[in-house]
Amino acid sequence: MLPVQKFAALGAFIGLFLAGSVAAADNPPADTAAQKALAKDAVCTTCHNESWRVPILSLYQTKHGNRADPKAPNCQSCHGQSTGHQQDPAGVHPEVVFGVKSKNVSSAEDRNGTCLGCHKTGLRMHWSGSEHESRDVSCSNCHTVHIANDPVLSKATQPEVCYACHKTQRAQTHRISTHPILAGKMACSDCHNPHGSTGPKLLVKNSVNETCYTCHAEKRGPFLWEHSPVVDDCTNCHTPHGSTNAPLLKARVPWLCQECHSGDHGAAINSGANLLNGNATTINGMLPPANQSPRTQTNARACLNCHVLIHGSNHPAGAKFQR
Amino acid sequence: MKTKNDSFAVRALVVAVRAGLIALAAMSAAQAAESDDAARQLTQPTSVVEVGAGYVSQDSFKFGEYNGLFKQGLYGIFNFDVRGGGSYDSGDATRWRATGTDLGLDTRDVSAEYEQQGKFRVNFDYDELRRNRSDTYQTPYLGAGSDTLTLPSNWLKPIVPQVSGTAINFRALSPTTGLASAIVGGVVTRPTAAQQTTVNNIIAADLPDFNNVDLDTIRKTIKGGFSYSIDSRWEFKASAQHEKKEGLKPMGAVSSQVSEYATILVDPIDQTTDQYNASLTYTGENSFMQVAYYGSVFKNDISSLTWQDANDPTKTATLSSAPSNSFHQILLTGGYNFSPTTKLVVNGSYGRNTQNEAFVTNGQNNQFPLGLPASSLDGLVVTTAFNAKLTAKPIKDLSLVAGYKYDDRDNRTPVNTYFFQDANETKAASASAFNAALGLPANTLGSNIDIYANRPYSKKVNQFDVDADYAVAKGQRLQGGYEYQQIDRECNGSWINCADAPRTRESTLRAEWRANVVENLSGRVAYAYSERRVNYDENAFLSLVPMANVVPAGGATVSAYQYLLQTGLTGFGPVAGFPSSPLSGNAAIFSPSNNMLPQALYASRNNINEEVGMRRFNMADRNRNKVRGSVNWDASDNVSLQGSLDYNKDDYNNSIYGLKNAESLALNLEGNYSITSDFAAQAFYSHEDFQSQGAGISYGSNSNTAFVGQAGNTIVSGGCFSSVLDKNSNAKIDPCLNWSTDMRDKVDTLGAGFKYKNLMGGRLDVTGDLVYTYARTDVGVAGGSYANNPFALASPAPALAPGVPAVFFIPAANMPTATTKTIDLRLGGQYAIDRVSSVRVLYWYQHLRSNDYVYDGMQFGTLTNVIPTNEQPFNYNVHVIGVSYIYSWR
C-alpha cells in the first residue's frame, strides 16, 4: 500500500467515527441511568465543583466518567460512602484518599484495594505480591485519574512518571547508546509491566530474551550455531537503558568478550600498547614504524571486526560466528 | 464530544473536517464566544490540531538518531488529537479518538480508536521509527542494499610491497603508512621507486572507490486491536501487528582465513515481524482466569550476503542472514482469593519456536568436502513456564509471599556433524587424523578440517522464594526474604555435556527496612546477599568437536577425551613449562612439550579450549552484595528532596581468569520546588560509577628454541626471563604474561527544569529543561607482551650486535579515556491568542562532543587487515527552532 493510500484509508476510518458521532449528536438519547449516576456524584460534586481548587470534574473526560457505562464508578465507588465527610467536610476526610501528597492519604493497601475491585485482571493479574505491591506503591502513585490525559498512559510522558523513583534509569537514557526512550518512541511499559509479571524485573514476558524478541525477533533463532550467553540472557552482554559503550553493551569489547574467552587469539592482552601509535616503546627505543601492526582485536570493532554474527549463525560453516 | 446542552463542538468539528484547518481557525472566535462555562471546560475533552514549521541548523545523523531531525533545513510540524463520542452525561457510551504526532517526520505516528465503552473497542496504529547509524561510513563495494556486493573494476589489491609483495595490507591506502620504510634484510630501507609507484597506483585506484553510504534502518509498524466484553465477567481481546524493517547496517566478516582480513560490509535489512495476541478472560468475584495466545512470525527477505574478496576478486564469500523463524505460545493464568488477604495466582505457558530456513551452501574451495548432513536446521525450541504465587496476611501486621517459578527452554533441534573448511581456506596438504576412523579414503580430509557438532542449548530454571513483611512499629516495616534458584543447562543430543556449568545454585537472603517515622520523612534501607555455586566443567568445550571421542591416527591409543579423563587435565594441557625429559606415548601426542591439546587431534582449525581457571561469568561461583537506600523528605508544602544510593558488588571468587569482580555505585539526588500549582522547578544529579576487573594470560607454546633469527640473538629485555631459551621454555607459565584489566565507566548527569503556567493573565505557559551529561570510560591494563626485535632476523641479515636484545617485553598501557559530553537544552512556550487558538514556540539545543579511540582504527592507512570505513566520531551542535499554531475545540 502506498503511503498516500494508507493515509486515505486512515482518513476514511476517522471519517466513519465522525459520521457516527454526528448521527449520535443529532439524536441524543435520554438516559435516566446516566442521570441517576450523576445524581449520586452530586453528593460530592455539589462542593467539589468547577470552582474547586483541584479540577476534579475533568474525570468526566475519562473512562471513569462515562456515565453511560454502567460499570463506570461514581465518586463514592472509589472514595467510599464518606458520610462523616459529608456531615463534617472540614473535620473528617473521605474514607479513601488517593492524593499521595495529602496528609490524609489512605494506605497503599486501601487505595489499591479500591482500584483492584474492578481492575483485577488484564495487566494486573500478577499484582499481588509483585515488587511494586510489596513496597507500598499504589495505583495513585503513578496514575492520575482525574485529568483527561493520564501521563503514565502516554508513550511520550510515561518515562517521567517512572523516573520519579527510577532516577538512575533516567540518567542512563541520556547516554550515547540508548533505546529511543528520550525520543518518545519507546516507553518503559514496552518492556516492563509495572503491575507485576511472570518475568524478572517486571518484564512483560516470561524471560529477558522473550521480552527482547518482541522487537528483535531476528535474534531468536534457533540458530544452527548458538552463542550460549545469547540464548542464556541478553543482559549477559547488554544493558537496556543506556550505555557509554555502543551498542548498549555492559563493557567495552574486546574485554567484554575476554570475560569468557581465553583460548587461541582470545588469550592475548589488549592494551594501549596495541593501538595505532601505541606505546610500542621498548627500553631500547621505538620499534620501526613499518613493523607496527596495530592489533585488530584491540582496534575499531575489536572482536566484532570478524565475529559479527555474534547472536548466532545459521551458516553451515558459521560456527565461529564469521559467516 | 457533544453534550445534551450544546452540540456545537461536534458541528464545528464536522465543518472543520470538511473545510479544513483554515476554516477551523476562522471559526475559532465564534466558538470561543459560544461557551465560557467553566464546568463545560472541565468535562468536555479538548481536540487539538497543531500545524507549524521548524528548522534544524545542521545535518547530524546522531542528533537525529531516533527523532527524525537529522537533516539541516525546514521540517513540518503537524500533530492532532481529535476526540468525540457521547457526552459523559448522555446515554451514549461511544468514545473515539484519533491522534497523529510528528506527521512531518520519519518518526510519525497515527492512531485511532473507537469504542462503545463497556462493550467493545477497536483501535488502529501506524508508527514509523527511523534509526540512524552512520553517515560517514565509506565502502569500495558496489551494490549497497542488494545481497551481492562487488568491487569496482579498477580495484587494486592493497599491498605494502616493501613489507610483503603478496600479503593484503590496508595500510597501503595512506601515503603515510603505505610509503613508510620497512626492514629489509635487517636494514631499515626506504621503499624503492617501483614500490612507491605500486603504492601510489593503489591509492590512486582504490581511494576514489570508497564512497559514502548512509547506514540507517526504518521500522514501519501497523497495529490493530479489538476487545469485546461478552458480559460482565467475560472479555475477549485480539490484536495484530505487522512490522516492516528496512535499511542498511554495517556488518563485519572475515573474507578469507587465508589472507586473514576482515571486511566491514553494508548489510541489507529487509525483514518483517508479525505478532498476534488473543485472550479470553473471566473475572469472577473471587477468581479470574485467562487463556491467551501469542504468536510471532519473523520473515527475512534476505537470506545471505555475498561479496567479492578484496584480496582476490576472482573469489567471493557468503554470509548468512538471520533466518526466518516463528514462535507460538499458549498461556493460561488463573487466580483465586481464598480470603480477602489470601490469594493464589498461577500461570503456565507452552511455546514452540521453530526455524527451518534453507542453509546457505555456496562456499568456496570445496568448503563442505562431505556435503551437508541436512539442507536446513529443522530447529525447534519448546518453552514451558509455570509460575505460582501465594500471598497471605495471617495476622494484622504480617504479609507473606511465596512464589515458585519454572522456566524451561528445551532446545530439541537435531544435532548433526558438519565438516567444513574455514573461510576460503583450502584443504591442508597433511591429512586429517580421522579419515580412517570415519571410513574415508586416506587424505579425503585435510588436517585443517573443522568437524563440528551443533550445540542446541537448553536451560531450565527452578526458583522458589518467600518473603515476609512485618509492621514492627507504626510507620515502620521490616521485610525479609529468601530465594533459591537452580539453573540446569544442557544440550539435547550432544555426545558430552555442553554446559560449562551444568547446574548452578544460587541462594539469596534479603532484608529491608522501610520507615516513615517522622512526618514528611520516609526512607528505606535494603540489603541482599547472594551466593551462587556451580560445578564447573572445563572440558565441556569438547561437545563441539565429536572427534574428541575418536582415537586419532598417529600412534595414540585413546581419544583426546579419554586422555583428558585419564590425566585429569583440561584441553589447556599441563600447567607446566617445557618438560625436562621428552614426553612419551599419549602424553607426547596429546600434550606435547606440556602444551595444550593439538587442534588437529579434535578436528578443529582453532584452539577452542580455555585457560585453566577461566570461568564464564554467567555461570561462575559468585558472591553478590547489594545495598539500597533512599530517603524522601517533604521539607515543606513547596519543597521536596530525595536521595538514593545503590551499591552492588559481585565477587567471582573462584575465577582465576575471566571476570573476577564487578562493582557499581549509583547516587541520585533530586529536589522539587513549587510555589503555586502554576510553577514547578526541579533539579537532579545522578552519578554512576561502574567498575569491573578481569584477568587473563597470554600464554605461548613451550619450546626449547634458544634464539630469534640466528644463534647469537638470545637476549630478552624486560619480562620475567633474560634469555630466549628460558622465556620459550616457560612460555605457558610465564608470570609476566598474566594480564589484568580494570574497566571503569563514570557518568555524571545534571539536570534542571521548570514549568510555569498561566503567565500573562493565564495566556502563557513556559517550560525549560537542561541536562548535562559527562561520561568517561577508562580501561586500565596491567601486564605486557613480548615482541621480537624486528632486526633479529635469519641470515643473511646481520646478527644483532652484542648486548642488543632479541626480544623486548612491552609493558601494557592503559587505553585512552573515551569521553562523551552532552548538553541538552529545551525551551518551550505556548501563548493563548484566545480560547481556541494558541501559538507554540520551541527551541532545542543539543551539543555532543565525543572522543573515542575506536574510530582511529577505522581510518585509511591504519589497520593492516581490516578494510577501513573512515567512520568519524559523533560531534555536533544542533539548534532547532519551531513555531506552530494550535487550534483547539471542545
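Student: What makes β15(B) and strand β16 (residues 316-320) of chain B a pair?

Tutor: Count the bridges. Two strands pair if DSSP finds at least two bridges between them. Five bridges join β15(B) to β16(B), and the two run antiparallel. The cut-off is at least two, so five bridges make them a pair. At residue level, B:Q308 stands opposite B:T316 in β16(B).

Student: What kind of model is this?

Tutor: This is a predicted model, in which local features need pLDDT of at least 70, side-chain atom pairs count only at pLDDT 80 or more, and totals for chains, interfaces and linings use all residues. Residues are numbered from 1 along each chain as its sequence is written, while chains are lettered from A and ligands numbered from 1 in the order in which they are written.

Student: Why do strand β7 (residues 148-149) and strand β15 (residues 304-308) of chain B count as paired?

Tutor: Two bridges join β7(B) to β15(B). The rule asks for at least two, so these strands pair as well. They run parallel. B:L149 has B:W307 as its bridge partner in β15(B).

Student: Why is residues 148-149 of chain B called a strand?

Tutor: A strand is a DSSP run of E with at least two residues; a helix is a run of H or I with at least four; both are numbered from the N terminus. β7(B) covers residues 148-149, so it qualifies under that rule.

Student: Which strands are the edges of the open sheet in chain B?

Tutor: The order is β31-β35-β34 (chain B), with mixed pairing. β31 (716-717) and β34 (784-788) are the edge strands, as each pairs on one side only. β34(B) meets strand β35 (residues 807-811) through five bridges in the antiparallel sense. There, B:Y786 stands opposite B:F809.

Student: How many helices and strands does chain A have?

Tutor: Chain A has twelve helices and two strands. Along the sequence, the pattern ends in β-β.

Student: How do you know what share of chain A is buried?

Tutor: Count C-beta atoms, placed from the backbone, within 10 Å of a residue's own: 20 or more others is buried, 12 or fewer is exposed, and in between is partly exposed. Of the 323 residues of chain A, 49% count as buried.

Student: What makes residues of domain 1 and domain 2 of chain A count as in contact?

Tutor: Their C-beta atoms, placed from the backbone, must lie within 7 Å. Eleven residues of domain 1 touch ten residues of domain 2 in chain A on that test. Helix α6 (residues 131-134) gives the most to the domain 1 side, with three residues. That side has three nonpolar, five polar and three charged residues. Nonpolar means Ala, Val, Leu, Ile, Met, Phe, Trp, Tyr, Cys and Pro; charged means Asp, Glu, Lys and Arg; the others, Gly among them, are polar.

Student: How many residues of chain B are in contact with chain A?

Tutor: 170 residues of chain B are in contact with 116 residues of chain A. Strand β30 (residues 679-697) gives the most to the chain B side, with seven residues. By class, that side has 79 nonpolar, 68 polar and 23 charged residues.

Student: How do you know what confidence the predictor has in chain B?

Tutor: Read the pLDDT, the predictor's confidence in each residue, from 0 to 100. The mean for chain B is 93, and 95% of its residues reach 70 or more. Over residues 1-36 of chain B, though, the pLDDT is below 50. For the complex, the predictor gives an ipTM of 0.92 and a pTM of 0.91.

Notes
Two residues are in contact if their C-beta atoms, placed from the backbone, lie within 7 Å.
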